[in-house]
Amino acid sequence: MGKILINGNEAIAEGAIRAGCRFFAGYPITPQNEIPAYMAKRMPEIGGVFIQPESELAAISMVMGASASGFRAITTSSSPGVSLKQEGISYIAGAQLPAVIVNIMRAGPGLGNIWPAQSDYFQATKGGGHGDYRNIVLAPSTVQEAFDLTLLAFELADIYRNPVMILGDGMLGQMMEPITISDIKRKPDSKDMVPLDKPWALTGCRNRKLNLVASFRMREGEMEKRNLELQAHYKEIVRKEQRYEAFNEKEAEIIIVAYGTMGRIAKGAIKRLEADNKKVGLIRPIGLWPFCKDVFTKLFKDNATLKKILVVEMSYGQMLEDVELTVLGRYPVEFFGRSGGGVPTEEEIVKKVLELY
Amino acid sequence: MEKIYNLPESLIDVSTHYCPGCGHGIVHRIICEVIDELNIRQKIIGVAPIGCAVIAYKYWDFDCCEAAHGRALAVATGIKRVRPANIVFTYQGDGDLAAIGCAETIHAANRGENLTTIFINNAIYGMTGGQMAPTTLLTQKTATTPAGRDAKLEGYPLKISELLAQLEGVAYIERTSTDSPKAVLITKKAIKEAFQNQIDGKGFSMVEVLSPCPTYWGLKPVDAVKWMREVMIKEFPLGRIK
């Protein structure tokens, strides 16, 4: 298939369909409304399920039900709606179910506004709901990557039986770009399917013992045992699933760390600074959890010229804390961020870098 | 001699955690009898609530899923929409179905989801220690209405079955009781109809079962049944509502 022109929201929707997902439940909220609209049209065409539920609480619980039945399932929302979904995400993590949750972030706290922001990083990467659990979090910075990471999200969710969150923002959701569509080699889910790769799925106990999907562990020691299993599982994810893009990082004197839309804008700023003979590199985390600690460790060995690290976010410093925990005082970590609807510009980033130089 | 009263195949032969005189055990068994009689055990997917029946699945020998408090009908919707050939039911208490899950209940019913719901109304919260339920009677004392439920402060017992009966998506609603062997047989007949409706694709069916909670009503099991018969049934009249 050739290139198609599509916005970030629709790229995620089409990505889910290409990943074989046939279940969508989502409540309208700006700036991600293109996703439910796209799914409402596409899902019936391909024998899938589209539901507009009464709330985000119901949406994520419907995803839990579909996933418990062995289907790839997705729900999408934006910041205030994602806060409501935290209950269900915690249950999904506790029951070890795969699920894909999309947050096209807008400004907060509270109702905030509908403009882009990156202020849900803590919520996405540190748990969000109650209990000791982790979401795998992927942060696309282009429309192509929004599509590609959606395919990946479903794969990771199934491999690790864990919620995967795609963390974008209103700018990425609304932006149109040409992208190349690809399929994965997997038969799409269908209503008469018994998923052979998901022996735990609820399909009715025909010719087998009963299956149970539950997070509840009441007997003494049972929950601790379950939590230790989850922790071992998270360690494996940290080891295997760190993702990032780096450029100019080896000879740089200043490294900018930025993700998603801000990673993209930071790249533009770095190109301007290059023209001015300033040696500035970029680390763009693609996975936010697990955070790409290993690339920093490697960088500290390989780069003899590094002086400072600058974190740029559409927040007042959330990923900053993970960078600080990685750098551990070996280099000064500076910060530039705006949030509330304001998007740091290339000019502002250039100015900040020149101040640090 | 022929054995005429057996353990249902769908019921696991273990002691339950329920208090003496509680109605949950009776309704658990009835559900299993109905599932066996309809020969649908291999197709059944149950959704357990949060509340006293949180581990109902420990007593049922078929596939089950947990749901967050109040979300059973949303989880069941997700299951049934992708597995329409399976028979999916929720088992929920009054707090789960009529308080925190009120929105999920009304909207699943209004969408006419082809599901079966068994709603246990014992007019109180059991697992958390006897607090007021949406179905608690006026003047009934609970941990959070120590002076008795006062309509001015806490409103009135919520008649969720009558509310749901107004919705076009609802196929069948009946309120039954467990206060006598006869009432239990009527309950079983209603539960069977609610499952049969799903098999026939008729849409949302619910049976509200009035059930005693001697522990938090502060009554002996026999007196609890008497109170149910003499007081509770007057507030929640039995019979087919839709």
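Student: What is the area buried between chain B and chain A, and what share of this area do carbon and sulfur atoms give?

Tutor: In this predicted model, the area buried between chain B and chain A is about 2,900 Å². Carbon and sulfur atoms give 58% of that area. The contact draws 37 residues from chain A and 35 residues from chain B.

Student: Why is the pair E87(A) and R71(B) called a salt bridge?

Tutor: The closest N and O atoms of E87(A) and R71(B) are 2.7 Å apart. The cut-off between a side-chain nitrogen of Lys or Arg and a carboxyl oxygen of Asp or Glu is 4 Å. The pair is therefore called a salt bridge, since 2.7 Å is within 4 Å. Across the interface of chain B and chain A, the rule finds three salt bridges.

Student: How many residue pairs are in polar contact across the interface, and which elements of chain B give two or more residues to the side that touches chain A?

Tutor: The rule finds 15 residue pairs in polar contact, both residues being at pLDDT 80 or more. The elements in question are β1 (44-48), β2 (63-66), α2 (72-82) and α4 (102-110) of chain B. The largest share, seven residues, comes from α2(B). By class, this side of chain B has 19 nonpolar, ten charged and six polar residues.

Student: What makes β10 of chain A and β2(B) a strand pair?

Tutor: Strand β10 (residues 212-213) of chain A and β2(B) share two bridges, in the parallel sense. At least two bridges are required, so the two strands pair. Within β2(B), C64(B) is the bridge partner of L212(A).

Key
Residues are numbered from 1 along each chain as its sequence is written. Chains are lettered from A and ligands numbered from 1 in the order in which they are written. This is a predicted model: local features need pLDDT of at least 70, side-chain atom pairs count only at pLDDT 80 or more; totals for chains, interfaces and linings use all residues. Side-chain values use heavy atoms; hydrogens and water are left out. Contact means heavy atoms within 4.5 Å. Buried area is the accessible area (1.4 Å probe) that two parts lose on being put together, summed over both. A polar contact is a pair of N or O atoms within 3.5 Å; within protein, one must be able to donate a hydrogen and the other to accept it, and residues adjacent in sequence count only if both atoms are side-chain atoms. Helices (H or I, at least four residues) and strands (E, at least two) are DSSP runs, numbered from the N terminus. Ala, Val, Leu, Ile, Met, Phe, Trp, Tyr, Cys and Pro count as nonpolar, Asp, Glu, Lys and Arg as charged, and the others, Gly among them, as polar.
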